[in-house]
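Dear colleague,

I am passing on the structure below, together with notes on what turned up when I went through it.

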Amino acid sequence: MTVPLIPHAKITNDSALRETYPRHWLAMRTGLNLLALTGYCIVQELADGLANQMNWNSNSFVARYTFRHRLRVGGLVHYETLPYFRSGLAVVRLTEDGKLYCHQQKWPVVKSEWEQLIELHEGDKSPHHTALVLAFAREARHRGYKTTVTPVVEGLSGRLLPDILVDDGRERVYVEVE
């Protein structure tokens, strides 16, 4: 479910961000940096990272609100709730304006896991599966594993696209999430 919002102002650089959101620009900038550098897309995971970087409480409402509302109103992220059990899974990805802002900051922009699923696994056509893959990747990372969503594997029968590669440094496992 997507809720459309009307952006307050077009934000394409740091000074526009500071002028438009004088009290919140640093949290917004840090949130965009997390999105650009990690490729993560689950709001709760990003909010935890933002709270950590800003020295806020780990259950910070402000951190979640930064992704759910402030960056969305600024036109810098696309926010959606994917169907996942009862409550849904809140996810975000950079918009073209968000990517432009990050490029102007000279930050490398990593394609988000959500974007990878949309492009390589038709993730927009199967939102339940997309949510399961993203949640599995988050849980694996939470337990100390490195994850790669939609890794490309050259196999005997051509190109394979498993959902996730999980790596603990000793063993690599390809996972199909159902």
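I begin with helix α2, in which Trp25, Ala27, Met28, Thr30, Gly31, Leu32, Asn33, Leu34, Leu35 and Ala36 are buried, where buried means under 20% relative accessible area, exposed over 50% and partly exposed in between, with a 1.4 Å probe and protein chains only. This is a predicted model, in which local features need pLDDT of at least 70 and side-chain atom pairs count only at pLDDT 80 or more, while totals for chains, interfaces and linings use all residues. Residues are numbered from 1 along each chain as its sequence is written, and side-chain values use heavy atoms, with hydrogens and water left out. Helices (H or I, at least four residues) and strands (E, at least two) are DSSP runs, numbered from the N terminus.

From its first C-alpha to its last α2 reaches 20 Å, close to the 20 Å expected at 1.5 Å a residue, the expected span being 1.5 Å times one less than the number of residues. Just after α2, Gly39 takes a positive phi of about 80°.

Two packed helices are described by the angle between their axes and the distance between the axes. The axes of α2 (residues 25-38) and α4 come within 10 Å and cross at roughly 105°; axes here are lines fitted to C-alpha atoms, for helices over the stretch in contact, and angles run from 0 to 180 degrees between N-to-C directions. That makes α2 roughly perpendicular to α4, on a scale where angles under 35 degrees count as roughly parallel, over 145 as roughly antiparallel, 65 to 115 as roughly perpendicular and the rest as oblique. In this contact (heavy atoms within 4.5 Å), Ala27, Met28, Gly31, Leu32 and Leu35 of α2 meet Thr66, Phe67, Arg70 and Leu71 of α4. The residues of the contact divide into six nonpolar, two polar and one charged, where Ala, Val, Leu, Ile, Met, Phe, Trp, Tyr, Cys and Pro count as nonpolar, Asp, Glu, Lys and Arg as charged, and the others, Gly among them, as polar.

Phe67, which is found in helix α4 (residues 61-73), counts as buried because its relative accessibility is 0%. Not counting residues up to four places away in sequence, Phe67 touches Gly31, Leu35, Val43, Leu46, Ala47, Leu50, Arg72, Val77, Tyr79 and Val92.

**Two loop positions**

In the loop between α4 and β1 lies Gly74, which is buried, with a relative accessible area of 4%. Gln105 lies in the loop between α5 (96-104) and α6 (113-121) and counts as buried at 17% relative accessibility; leaving aside its neighbours within four places in sequence, Gln105 is in contact with Asn13, Asp14 and Arg29.

**Helices α6 and α7**

The buried residues of α6 are packed against β1, β2, α5, α7 and β3, and Glu113, Trp114, Glu115, Gln116, Leu117 and His121 are buried in this helix.

Helix α7 has 16 residues and reaches 22 Å from its first C-alpha to its last, close to the 22 Å expected at 1.5 Å a residue. The covering of its buried residues includes α3, β1, β2, α6, β3 and β6, and after α7 comes Gly144, whose phi is positive, near 95°.

**The three-stranded sheet**

An open sheet of three strands has the order β3-β6-β7, with antiparallel pairing, two strands being paired if DSSP finds at least two bridges between them. Its edge strands are β3 (146-149) and β7 (172-175), each of which pairs on one side only, and the twist averages 20° from one strand to the next. β3 and β6 (residues 164-167) pair over four bridges, with Thr147 opposite Val166 in β6. Four bridges likewise join β6 to β7, where the bridge partner of Ile164 is Val175 in β7. β6 and β7 form a hairpin with four residues between them, and Gly169 in the turn has a positive phi of about 95°. Helix α7 (residues 127-142) lies across β3, β6 and β7, running at about 165° to β3.
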